[in-house]
Amino acid sequence: MIQPIIASGARPAGSEDEQDASVAVQRMFNEIAATYDRANHLLSLGLDRLWWRRSARFFAAILARPEAQIVDLCCGTGDMTGALLNLRPDVPGATPLVGVDFSAQMLSRARQKFATPKIIFIEGDALRLPFPDGSIDLVTAAFGFRNLSNYADGLAEIYRVLRPGSQFGILECNQPSGLVGVLYLIYFKRILPIFGGLISGKPAAYRYLPESVERFPRPPQMLSLIQAAGFTGAAWTGYTFGASGLYHATRPEYTSRRDTPLCSRDARPSSVNVRL
Ligand SMILES: C[S@@+](CC[C@H](N)C(=O)[O-])C[C@H]1O[C@@H](n2cnc3c(N)ncnc32)[C@H](O)[C@@H]1O
């Protein structure tokens, strides 16, 4: 499906600008935190666990380095962070993982579920991260990036904190094409909001979910945004008929962002590749 306009960021119903959108997203996740895990596992038909694990495995080599500084953005109740932890070496002195989210209620669940010194959960905004430039070896985000009020700013902030030569991975929902896409849309737009509303008692949050996926750039557009932010080797690997997928790319070595966008000779072509 052709998207005539690339959305600049999430806009929950009733929000007019980026500030409104951020406040609405934060409020929504605080309100659904208590039922988030149950609804998520049920509505994704259990595929969420598979997708977190696959995404974490993609970065197994970085995760295996005890000294690596790893940040999971929009960590919510911590399941992606937990999947990353499973691949960390169990050695004394390994750097703890850091999970960042701006919803205090989601973080409170995360801290209860993962009561371990191997993860530090901090309250913070993905658009203004509390980390120095070039200090992080891997940034991940699972099903959270789509909710940012400005995608280009989100990518710029990831670029800023990554060490040159380091990677990020963004796991996101996607609207598949073809017949699977039609079935997906029926499920996502007609069935999921009803059950999500019933489980959470917050129907608006589960009307926002399909709207936010529909609004989010398709893989070719998202890859263009990633390249425009200065990353190289941008690629998307689709999971489960393309119902979700992992975007990944590298902050180039020894190159400032101003030098790199699309015209860079270093920029390798981006790729889209769907695995079932
Ligand atoms: C759909 S949940 C995903 C949670 C978790 N990563 C998972 O896979 O289950 C999205 C999370 O992104 C967080 N979020 C959205 N915008 C954010 C922002 N600007 N800064 C920090 N967290 C944000 C929300 O609070 C929410 O917890």
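Me: How many Å does α1 span between its end C-alpha atoms, and what would a straight helix of 26 residues span?
Reply: Between its end C-alpha atoms α1 spans only 28 Å, whereas a straight helix of 26 residues would span 38 Å at 1.5 Å a residue; the expected span is 1.5 Å times one less than the number of residues. Helices here are DSSP runs of H or I with at least four residues, strands are runs of E with at least two, and both are numbered from the N terminus. This is a predicted model, in which local features need pLDDT of at least 70 and side-chain atom pairs count only at pLDDT 80 or more, while totals for chains, interfaces and linings use all residues. Residue numbers start from 1 along each chain as its sequence is written.

Me: Where is the kink in α1 centred?
Reply: The kink is centred on Ala33 and amounts to about 75°, the bend at a residue being the angle between axes fitted to the seven residues ending there and the seven starting there.

Me: And which residues of α1 are buried?
Reply: Ala33 itself is on the list, together with Ala21, Ser22, Ala24, Val25, Met28, Phe29, Ile32, Tyr36, Ala39 and Leu43. Buried means that 20 or more other C-beta atoms, placed from the backbone, lie within 10 Å of the residue's own, with 12 or fewer counting as exposed and anything in between as partly exposed.

Me: What do those buried residues of α1 pack against?
Reply: They pack against α5 (104–113), α7 (178–200) and α8 (203–215), where a contact requires the C-beta atoms of two residues, placed from the backbone, to lie within 7 Å.

Me: Ok, α7 then: where does it bend?
Reply: α7 bends by about 40° at Leu192, and a proline, Pro193, follows within four residues. Even so, its 23 residues reach 31 Å from first C-alpha to last, close to the 33 Å expected at 1.5 Å a residue. Both Leu192 and Pro193 are among the buried residues of α7, along with Tyr184, Phe188, Gly196 and Ser200, and what covers these buried residues includes α1 and α8.

Me: Back to the end of α1: what follows it, and what is its phi?
Reply: Leu45 follows α1, with a positive phi near 55°, and this residue lies in the loop between α1 and α2 (47–58).

Me: Is Leu45 buried or exposed?
Reply: Leu45 is exposed, because there are 11 other C-beta atoms within 10 Å. Cys74 is another residue with a positive phi, about 50°, although it is not a glycine; it sits in the loop between β1 and α4, and it counts as buried because 26 other C-beta atoms lie within 10 Å.

Me: Which residues come nearest to the ligand?
Reply: Cys74 is one of them, and the others are Gly76, Ser103, Ala142 and Gly144, out of 22 residues around the ligand; a residue belongs there if its C-beta atom, placed from the backbone, lies within 6 Å of the molecule. Two elements give two or more residues to this shell, α1 (18–43) and α4 (79–85), and the largest share, five residues, comes from α1.

Me: How do the residues of the shell divide into nonpolar, polar and charged?
Reply: Twelve are nonpolar, seven polar and three charged, taking Ala, Val, Leu, Ile, Met, Phe, Trp, Tyr, Cys and Pro as nonpolar, Asp, Glu, Lys and Arg as charged, and the others, Gly among them, as polar.

Me: New topic: in the largest nonpolar core, which residues touch the most other members?
Reply: Leu73, Leu84, Val139 and Ile226 do, in a core of 73 residues; such a core is a set of buried Ala, Val, Leu, Ile, Met, Phe, Trp, Tyr and Cys residues joined through C-beta atoms within 7 Å. Its largest share, ten residues, comes from α1.

Me: What does Leu84 touch, leaving out residues up to four places away in sequence?
Reply: Leu84 touches Ala56, Leu63, Ile70, Asp72, Leu97 and Thr140. Among these, Asp72 has its place in strand β1 (residues 70–73).

Me: Why does Asp72 count as buried?
Reply: Asp72 counts as buried because it has 30 C-beta neighbours inside 10 Å. With residues up to four places away in sequence again left out, Asp72 touches Met80, Thr81, Leu84, Leu97, Gly99 and Thr140.
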